[in-house]
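Please read the points in order, with the model open beside them.

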Amino acid sequence: MLLFALIACRVEFGPSDQRVADGRPTVWIYTALYQEQVDAFGAAVRKELPDIDVQWFQGGSEKVAQRWEAEHAAGASPACVLLTSDPSWYVDLTERGLLREYVPPLALQLPRDWVEPTFVTTRVDLMVIGVRPGAKGPASFHELADPAFVGQWSSGDPFSSGTNFTTVSALDQKYGQEFLESLDANGWMMAGGNSAVLGRIESAERPIGVVLLNNLLLKPGVADIVFPSDGAVPIPGPAAIPTDCREVEAAERVEDWLLGPTAQALVVHSRMHSPFTGAPAPEGAPPLDAIRLMDLGDDFIGTTAARAVDLRERLTVLQK
Amino acid sequence: MNASRYCKSDGAPKVMRNALLLAIGALLVVFVAIPLGLLTIGMTGLGALPGEWEAIFNTLLLCLGSVGVAMLGGIPVGFVAARWKLPSALESAILLPFAVPPYVTTLAFILLANPSNGLFTSFLPFHAYSLAGMITVLGLHLSPVVALAVRDALGRIDPALEEAARVSGATPTSVFFRISLPLSFPGLLAAAAFVASASAASFGVPYMLGAAASPPIPVLTLRIFRALELQPSTGRPLAASLSLALVAVGVAIPSILRLLQGQRDYSSARSTRPRPLPNAGAWSLVVAAWLFVAVLLPIGTIALTSVATVFGHLDGFTLVNWETVMGEARTRGALVRSTGLAAVAATFAVTIGSLLAHTIERTPTRPLSALVGLARAPWAVPGSVFALGFVLAFSQEIRVIFGNHVTFSLALSGTSWMLGLAYTAKSLAIPLDGVRAAVRSLDRSLEESARVSGATWGRTVRSVVLPLLSPAMIAGWALVFAASFCEVSMSVLLRGPGTEVLGTRLFEQLSYGSPQEASVVAMLVVVVVLAAGRLTTRRPAWS
């Protein structure tokens, strides 16, 4: 009987039906937003797009990328919107033909730098310097190489944090390999994420840190904010629709929503900057157009993606 | 009695035994072999290893050092727990260093021993960001495994042997080193193998201490992590190759240690526990020192951090962190879910591990050895890599269709089942090794006597085997529960909506929140594991 059963059966693999029992399409958003932010965005999108069942997978940019890549390799990922903080991954996905071309109508109001045919910036975070109250800190990223600050500062791990990798790439493009070597010689500790950097500032283990403005604004009083004189590093948070997505129309509506007034108000409420010119600033920070941004040329994201492998290898050698 | 129902070996009636093993084999193929196998597709082969000699060398040093520290702390504690009647709270506390996730004890260790302003740095010959620091944290974290193994091994030793030595004039120390310790050899070797595998596959401690060192200290798990992070799409093959090296280590170490044990027979026909001794004397000082370093210091630091106004400073306390964390419905839900999943995973792992362990020791065959190797493999693989294997295997719905009319569907992705199965598969080595060592110490004559007297296989298992193996099974259950209760690496990758567990809450707090709130979550883990430990240290009625 067992043999008969084995002969008579066949095995199929495929994605689960992405419609819920009431027929609504399910749109999975894979995101690097913090969980509290996901809760707020989730509640708002349920209210404004009640005919779409929006589900979230939340993790760091790298965890999202690992899961998505593994699911894609297994056949197809259920993700319909990718919303992380590592722009170079989106460039890589575009080059591999894995992202759909879609530009939300509202994206036409954004500065050109924030819009690509396959992904669009929905929020902007800034990498700045945090200094423990009462401690002396540098006025610029360049001053981190000053021997006066040897062993006093740290950053997140660029190998595991998309925001930190983008920052190191910016410093590399602006100042070159020699500058990275001088930072290393000045006791550069690159470990953990932005929260770990903030923890080291708070405990005074390393009273100076290269850290996201978002983290500093969410924990006021832990560190003084220094907007570097050589420019804060802009970290765009892109959104894109992968070609695996089977509910394309619903995904496009969700991406439209992410650039809409409700989502953008939530971005600002979450202590990040909206990419729209003239948008209100998050509490405790100046507007984006009043902050000096690091001058990184026309195609910073593309250059970051193109040099990503080389930069990571150079960083690995630097650490030895 | 129908003698033909019994096979030549000590095991069950043949049909029942083979059916059970077939079922276990099928489960291992589906939930271990397939995920691990899919990881190896396209892997770069062992050709990547020559470039990783520094990582391999550091990993070996980490393994050896951790085993040394774990033995140094675990052996005296296990001896005291076996020979003297400890208060049950203290006996439960033995498990605590293993229960608290290494991420959190490492955070405490950094506060205590970082080179800049660590509280104890000036008293130590090394600081936190060093290989010695990593060895210390891992060794203390895994010392309960050794302690429980020694406690259970000594519990099976005939007390007449030690009493005879004492009556003949041997000092307690001499009795320990010449009688007790050698007879605990199988359990000790199993624990050493376990500690070595766990150290090699550890990620959290090397990531927080080794990556932050200057220069960074590469070990295999960090290299695997970098391979996955550098190129999520193409790094998996290299990560799989390096993981294979870890699996080889994880499977080879017990084999080497079994060779060391040789053909010596450590079995005992005793079936009752020895009476507790009176005065513990100098041993109590050793245990007190271990308790202070492995339990009070890190957990005390975590407890203080959970109420600190400013991280790393003791100049202000508040309960706001506790109110925030406990006030979140998500945390309460994660606590309930983690307790349920850990209990289920522990029960399944002990059941499967004990069956395999007893069968392989009583009727060793090549297919069984392969099955045991398969069961042990996931423990040697970093959690994040094993989780990726699960994603590769189960992210799609699997439909088995019979004759176009009957369909069975398996859709595990994003469900709590996926987490529970991953925890079970990952932790099988724990009860398998522990129970196997216990079976090795069990004299066959006890089972044979029961059968010769007319007992069925079931009766023999219930009346003879289970009571004697129960300490090792209960210890295995407690260890799997502790390992699964706050598991982080796999949970972060495998969770879905509504399946949040304490490990993911802890990871969120460590990555995006505050160390104080992470410490609150860690203290919840301590409380639950203490409670579980109290339950598991109660002696079964038949002992």
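1. Asp433(B) is buried, at 10% relative accessibility. Here buried means under 20% relative accessible area, exposed means over 50%, and partly exposed lies in between (1.4 Å probe, protein chains only). The side chain of Asp433(B) forms a salt bridge with that of Arg376(B), at 2.6 Å from N to O. A salt bridge is a side-chain nitrogen of Lys or Arg within 4 Å of a carboxyl oxygen of Asp or Glu. Asp433(B) sits in helix 19 (residues 429-440) of chain B and Arg376(B) in helix 16 (residues 366-380) of chain B, so the pair ties together parts 57 residues apart in sequence. Arg376(B) also counts as buried, at 6% relative accessibility.

2. **Ground rules.** This is a predicted model, in which local features need pLDDT of at least 70 and side-chain atom pairs count only at pLDDT 80 or more, while totals for chains, interfaces and linings use all residues. Residues are numbered from 1 along each chain as its sequence is written, chains are lettered from A and ligands numbered from 1 in the order in which they are written, and side-chain values use heavy atoms, with hydrogens and water left out.

3. **Chain B overall.** Chain B has 24 helices and two strands. These are DSSP runs, numbered from the N terminus: helices are H or I with at least four residues, strands E with at least two. Of the 543 residues in chain B, 61% are buried. Contact means heavy atoms within 4.5 Å. Among contacts in chain B between residues at least 6 apart in sequence, 79% join residues at least 24 apart.

4. **The interface.** How many residues of chain B are in contact with chain A? The count is 55 residues of chain B against 55 residues of chain A. The area buried between the two chains is about 4,900 Å², and carbon and sulfur atoms give 50% of that. Glu229(B), Gln396(B) and Tyr512(B) supply 14% of the area that chain B buries against chain A, more than any other three residues. Buried area is the accessible area (1.4 Å probe) that two parts lose on being put together, summed over both.

5. **Charges between the chains.** The rule finds two salt bridges across the interface of chain B and chain A. Asp39(A) and Arg330(B) meet in a salt bridge through their side chains, at 2.4 Å from N to O. Elements of chain B that give two or more residues to the side touching chain A include helix 5 (102-113), helix 11 (220-230) and helix 24 (515-536). Strand 1 of chain B gives the largest share, six residues. By class, this side has 29 nonpolar, 17 polar and nine charged residues. Ala, Val, Leu, Ile, Met, Phe, Trp, Tyr, Cys and Pro count as nonpolar, Asp, Glu, Lys and Arg as charged, and the others, Gly among them, as polar.

6. Glu500(B) lies in the loop between helix 22 and helix 23 of chain B, and Arg330(B) in helix 15 (residues 329-362), 170 residues apart. Glu500(B) is buried, with a relative accessible area of 9%.

7. Ser413(B) lies in the loop between strand 2 (406-410) and helix 18 (416-427) of chain B. Ser413(B) is partly exposed, at 29% relative accessibility. Not counting residues up to four places away in sequence, Ser413(B) touches Arg67(A), Glu71(A), Phe394(B), Ser395(B) and Met418(B). Gln396(B) is 17 residues away from Ser413(B) in sequence and 7.2 Å away in space, C-alpha to C-alpha.

8. **The disulfide.** The rule counts one disulfide over all chains. A disulfide here is a pair of cysteine sulfur atoms within 2.5 Å. Cys80(A) and Cys245(A) form a disulfide, with S to S 2.0 Å. The torsion about their S-S bond is about 90°, so the disulfide is right-handed. Cys80(A) is buried at 0% relative accessible area, and Cys245(A) is buried at 4%.

9. **One more pair in chain A.** Asp51(A) and Arg253(A) meet in a salt bridge, at 2.7 Å from N to O. Asp51(A) is partly exposed at 35% relative accessible area, and Arg253(A) is partly exposed at 33%.
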